[in-house]
2 protein chains.
Amino acid sequence: MTEEQLRAACALAAEAMAEYYRLLPGRPIMPATTSRALRDLLEEPLPREGSELAPLIDAIRRDIFPNSRQNAHPRFFGYVQSPGTPAGVIGEMLAAVLNANVTCWRSAPAPTEVERIAVNWIKQILGYPPAAEGLFVSGGSMANFAGLAAARTVKAPEALQHGMGGQRLRVYVSEEAHFSVSKAAALIGIGRENVRRVATGADFRMDVAALERAIGEDLRAGHTPCCVVANAGAVSTGAFDPLGAIAAVARRHGLWLHVDGAYGGFAALAPEARPFFDAIAEADSVALDPHKWLYLPMGCGCVLYRDPAAARAAFSHFAEYTRPVGWRDDEAFAFWDYGPELSRPFRALNVWLLLKYAGTRALGEAVSRNIACARYVGRLIEASPDLELMAPVELSIFCFRVAPPGFTGDLDALNERILVELQRQGSSYLSNASLRGRFALRGCVLNYRTSEAEMERLVEDVRRAARAVLAEG
Amino acid sequence: MTEEQLRAACALAAEAMAEYYRLLPGRPIMPATTSRALRDLLEEPLPREGSELAPLIDAIRRDIFPNSRQNAHPRFFGYVQSPGTPAGVIGEMLAAVLNANVTCWRSAPAPTEVERIAVNWIKQILGYPPAAEGLFVSGGSMANFAGLAAARTVKAPEALQHGMGGQRLRVYVSEEAHFSVSKAAALIGIGRENVRRVATGADFRMDVAALERAIGEDLRAGHTPCCVVANAGAVSTGAFDPLGAIAAVARRHGLWLHVDGAYGGFAALAPEARPFFDAIAEADSVALDPHKWLYLPMGCGCVLYRDPAAARAAFSHFAEYTRPVGWRDDEAFAFWDYGPELSRPFRALNVWLLLKYAGTRALGEAVSRNIACARYVGRLIEASPDLELMAPVELSIFCFRVAPPGFTGDLDALNERILVELQRQGSSYLSNASLRGRFALRGCVLNYRTSEAEMERLVEDVRRAARAVLAEG
């Protein structure tokens, strides 16, 4: 590619980007299509001959962009989903130009330093100890996996060498924990049944007395309590487990404390959420997702370890072909000693760029506005006789259901149908949760474009979907 | 950001890209810097206020780009490292614009179909069965992890629920295997000591008789043979284990066969390497790295499973908040049933884009040219009385050492010093390997820009480094 071709390709991609953001507010959030229809559109034989780049950029713009879920739409409230930002696009682009492989210092000197700086900034945002270390991983599931693997290694250090020897290591999570915790426990040989789901209170936060009882039962049964995982924003309700009380229990029993802040970790940027983080420095590891509430594009999770040696014990691995020849001290540093990956993309660049571009003040204001939007819709719901708020609005997640006065049918079935209809209509998007066995419409505000007007429109859209479902009978 | 600002930012990033490629051939591959110097340059307090994007792009161009290892340089031969491509930059950019989260069909309809298409194309490139399934992961370490996790689940299905119960599952690898296999075995509770390193022949390929003996010993000792990992291009030498003979042993003993094709998998594009892949269809899982020999930017690995049900057994996990409400059949498909991640970036876009942009014919020619360059330097080395080829050149990796006629000192120590000097000089870059305990200078040709002239220049650079070291005494 000549420089002229390269500039032309970038200009075309820039136009595709400008068009994307221009069309976004008017697009249905979810395209009305099927797997079959998309295969008919996209499927083709393995290309033997190449083609020009311009028509391929056009195909992406024309065939792929509109046939995706529009995560950046201001009324997309499903799951925990960042909208991305234009600056994040520039960051991904420049990271791909350099194409650093951030395995270790000597493979990527400046990128390694940028990663350290970005990790240090995140520690400061959280109030996490300066001596902690951390690194970027592909997302929250891998960050939870890494925290659990470190916990396992502390409690069963022989397992790395000899395999897990049938000891019953026990992991304690609230019943609201994310499935990646159980999944990680299954993968690292602890087993799903050794993940104990501790009851929560009316506020969906872990009941610390129940945690204490569970640990006691396990000790009497001869099991080995290993790790407590606290939610720093539970996935269904946003409930923030009481870190200080949990840390005290963990310390008393010598357990690893892992904090799953994949959703809520960057709420620390907002003054009203700061008190939740008072005891964060006591966590042995923390999982975060810059690709969630730091508004970055997908593919950037983060794990922090209070004691770097514990992480090295779990992940460090020697091979002659990666031995540092001629490098020592800081220049012999390797990220693979702290996580499951060897080759790693330059994820830190976008974290660094975003924090410098936006600054923590504006980011904190954006997080605060998201929380305010969720509280606002919470008040709208509480003021509505046909809607029922199902959990306190702690951060930016809200759970509710439609409960028409006088309706005597199955509210779970009704709300499932309302959810499907809402998604089909395409103007607002919620996802689902189950709270104490009851079906909930669940939303999460994670878009800096979202305003209170969008929350009002969401309520209208839900009512419209409800009317459509009720009219069908 | 207005459309004009967005266009201007893209244009600045495009200029940074054009400049990057323009300056590349003249840049030292490894910057002469230190961790301390880079911290002094880059470190700053957590930014509270934001800044304009233009100076940040400029800082990346000015401070970060030149202070990295230049992986796209035509004489960068270290490790197994893709140069990236300008088309790959466009792909990353457009993936970040859409910011799809490819967890499942309903979260990303077109991206899910694009991933299926790209995976199907890769299956065709390899000659892997049409009924296989696969997905993109962050890299080869995770792909090997996923293959081993599936193998463990087949041999010890109860471990997901109950934890690993002290059974001695045995994994067989050649002594040339990548460390990610042992690392994965340690993480999933099998334990490093249960990874048996099988001897290799003079060609560094797994000795199949030794594999058979190791399995027999383990069976007599009451252990549980679980999995054979075959190298489809070993990391140190490029040796390609004999898949057909290994598959026969694996089948006879009911073992899972995982093929680590992170380095060599896409050699299947080159006619001269095709015969190595004759038995690939018998592999139960295959790890590949499009971010290596498909020349894509970092962050794209791939794992394929012959029997998709085995992968689902290992990875599938239910949670109410991810339950498909209103979706069935193809539209209820979830990638998290096949790998460790939940949220996933749209890695497939760049695979799809690259295969359509370049086509398999040109890609195969590029791979062939890489192999030809390695063979060429192998011949140059063999014709040189002062150089010693240390392993056959099977794919695009070459291992050698400087052995000056009459030199009676320690050749290992001499070549270590030569490597350090070569990297310091910055014109060519090799990495290190240990072959039968001897220190080797190791190179891997993985850049479509590399020509035979670069190989001649490499030999000159090595001789220059050797002279400098020998002159120092």
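Guide: Happy to! Domain bounds here come from an automatic or database domain assignment. This is a predicted model, in which local features need pLDDT of at least 70 and side-chain atom pairs count only at pLDDT 80 or more, while totals for chains, interfaces and linings use all residues. Residues are numbered from 1 along each chain as its sequence is written, chains are lettered from A and ligands numbered from 1 in the order in which they are written, and side-chain values use heavy atoms, with hydrogens and water left out.

In chain A, the assignment gives domain 1 (93–354) and domain 2 (360–472). The C-alpha centres of domain 1 of chain A and domain 2 of chain A are 31 Å apart. Their contact (heavy atoms within 4.5 Å) draws on 32 residues from domain 1 of chain A and 26 residues from domain 2 of chain A.

Now for the surface they share. Together, domain 1 of chain A and domain 2 of chain A bury about 2,200 Å², with 65% of it on carbon and sulfur atoms; buried area is the accessible area (1.4 Å probe) that two parts lose on being put together, summed over both. On the side of domain 1 of chain A, look for A:Phe204, A:Trp293 and A:Tyr295: they supply 29% of the area this domain buries against domain 2 of chain A, more than any other three residues.

Charged pairs join in too: there are 2 salt bridges between domain 1 of chain A and domain 2 of chain A, each a side-chain nitrogen of Lys or Arg within 4 Å of a carboxyl oxygen of Asp or Glu. A:Glu175 forms a salt bridge with A:Arg436, and the closest N and O atoms are 3.1 Å apart.
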